[in-house]
Amino acid sequence: MCSVIRRTQPVRLALALCLRANCHGSSYALTDIRHFSPGLSTSVSPLRAALRAYCTRMARIEGLLFRQLFDRDSCTYTYLLADTDTKEAVLIDPVLETLGRDVKLIEELGLKLKMGVNTHCHADHVTSTGQMKKQLVDMKSVICVHSGAKADIHVKEGDKISFGRHSLEVRETPGHTDGCMTLVTGDQSMAFTGDALLIRGCGRTDFQQGCSKKLYNSIHGKIFTLPDSCLVYPAHDYRGQTASTVGEERKYNPRLTKTLDEFVDIMKNLNLPKPEKIDIAVPANMVCGVH
């Protein structure tokens with residue numbers, strides 16, 4: 001497994017080119033810039049081999065359909081997971097502006113969307129869960145009970161979000177907001193970390209019940225206790241990176257490799273501008289995205 005992850009590192013720069021457009025300058029949950037592909041070969045064969053290894057690693061859970069989708073305006077990742085036999089599916093962190101795209105994909109793949117899950121009450125975009133329910137009538141909206149937001153289902157620590165033979169375990173990871181949660185697959189090979197843990201960064205803590213100490217303890221206690229090989233899929237990325245691993249973040253994350261006091265000082269001095277859509281997004285997301 002380690003050899004597979006090592007082979008994927010040179011390809012990150014190539015994968016990043018697909019997503020960089022329109023994301024520079026976003027300040028919602030900034031990550032630190034690092035380069036992970038020294039000596040990247042210009043020959044075609046090694047790159048193709050690395051891409052094959054990367055894609056295989058992403059899809060290694062038997063019977064699981066997985067799609068990573070992207071919204072350029074907010075640099076938000078939406079994740080579609082489904083059981084290939086029952087066709088039951090869940091959608092994580094859907095965005096209102098991509099509602100049509102997501103519904104079309106779900107219908108094309110013949111899936112039955114059971115739940116639209118928000119990892120927290122977002123401040124940079126409006127969720128599409130409320131509007132999606134009008135088009136996919138059997139779908140239920142899901143959010144953490146501590147978010148204070150409306151939803152059909154409120155979940156808490158240790159709950160399971162099931163679809164077919166698969167499930168996602170809820171791990172409460174507050175700090176960016178009180179209602180943040182990380183969703184972990186049953187075999188602990190994938191973790192959907194919302195805005196708690198980003199790739200070489202983390203969510204900001206200067207609004208919406210933000211608390212740097214809580215966030216630090218959440219990540220170290222609930223995410224960094226997962227296996228090193230567990231893939232990290234965040235809700236956002238502003239540098240074109242698509243995934244990381246728990247082992248990488250524990251070793252290389254420039255904020256979370258610090259002591260608690262150092263982390264608190266870093267977060268206190270970020271001086272980030274207010275998110276553009278916060279005055280629209282938060283009130284809308286408190287009512288499942290339906291104004």
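Biologist: Is aspartate 159 buried, exposed or partly exposed?
Modeller: At 22% relative accessibility, aspartate 159 counts as partly exposed, where buried means under 20% relative accessible area, exposed means over 50% and partly exposed lies in between, computed with a 1.4 Å probe on protein chains only. This is a predicted model, in which local features need pLDDT of at least 70 and side-chain atom pairs count only at pLDDT 80 or more, whereas totals for chains, interfaces and linings use all residues. Residues are numbered from 1 along each chain as its sequence is written, and side-chain values use heavy atoms, with hydrogens and water left out.

Biologist: And what does aspartate 159 form a salt bridge with?
Modeller: Its partner is lysine 156, with the closest N and O atoms 3.6 Å apart; a salt bridge here is a side-chain nitrogen of Lys or Arg within 4 Å of a carboxyl oxygen of Asp or Glu. Lysine 156 is partly exposed as well, at 46% relative accessibility.

Biologist: How many salt bridges are there in the whole structure?
Modeller: The search finds 16, one of them joining the side chains of lysine 277 and glutamate 97 at 4.0 Å, N to O. That pair links distant parts of the chain, 180 residues apart, with lysine 277 in the loop between α8 (260-268) and α9 (278-286) and glutamate 97 in the loop between β3 (88-92) and α4 (99-108). Helices (H or I, at least four residues) and strands (E, at least two) are DSSP runs, numbered from the N terminus.

Biologist: Which residues are linked in a network of salt bridges?
Modeller: Asp83, Asp85 and Arg165 are linked in such a network.

Biologist: Switching to strands, which residues of β13 are buried?
Modeller: In β13, residues 231-234, both faces are covered, with Leu231 and Tyr233 buried on one side and Val232 and Pro234 buried on the other. In a regular strand the side chains alternate between the two faces of the sheet.

Biologist: In what sense does β13 pair with β10, parallel or antiparallel?
Modeller: With β10 (residues 190-194) the pairing is parallel, over 4 bridges, and proline 234 is the bridge partner of glycine 194. With β14 (residues 244-245) the pairing is antiparallel, over 2 bridges, and valine 232 stands opposite serine 244. Two strands pair if DSSP finds at least two bridges between them.

Biologist: Where does pLDDT stay under 50?
Modeller: It does so over residues 1-57, pLDDT being the predictor's confidence in each residue, from 0 to 100. The chain averages 85, and 80% of the residues score at least 70.

Methods
Contact = heavy atoms within 4.5 Å.
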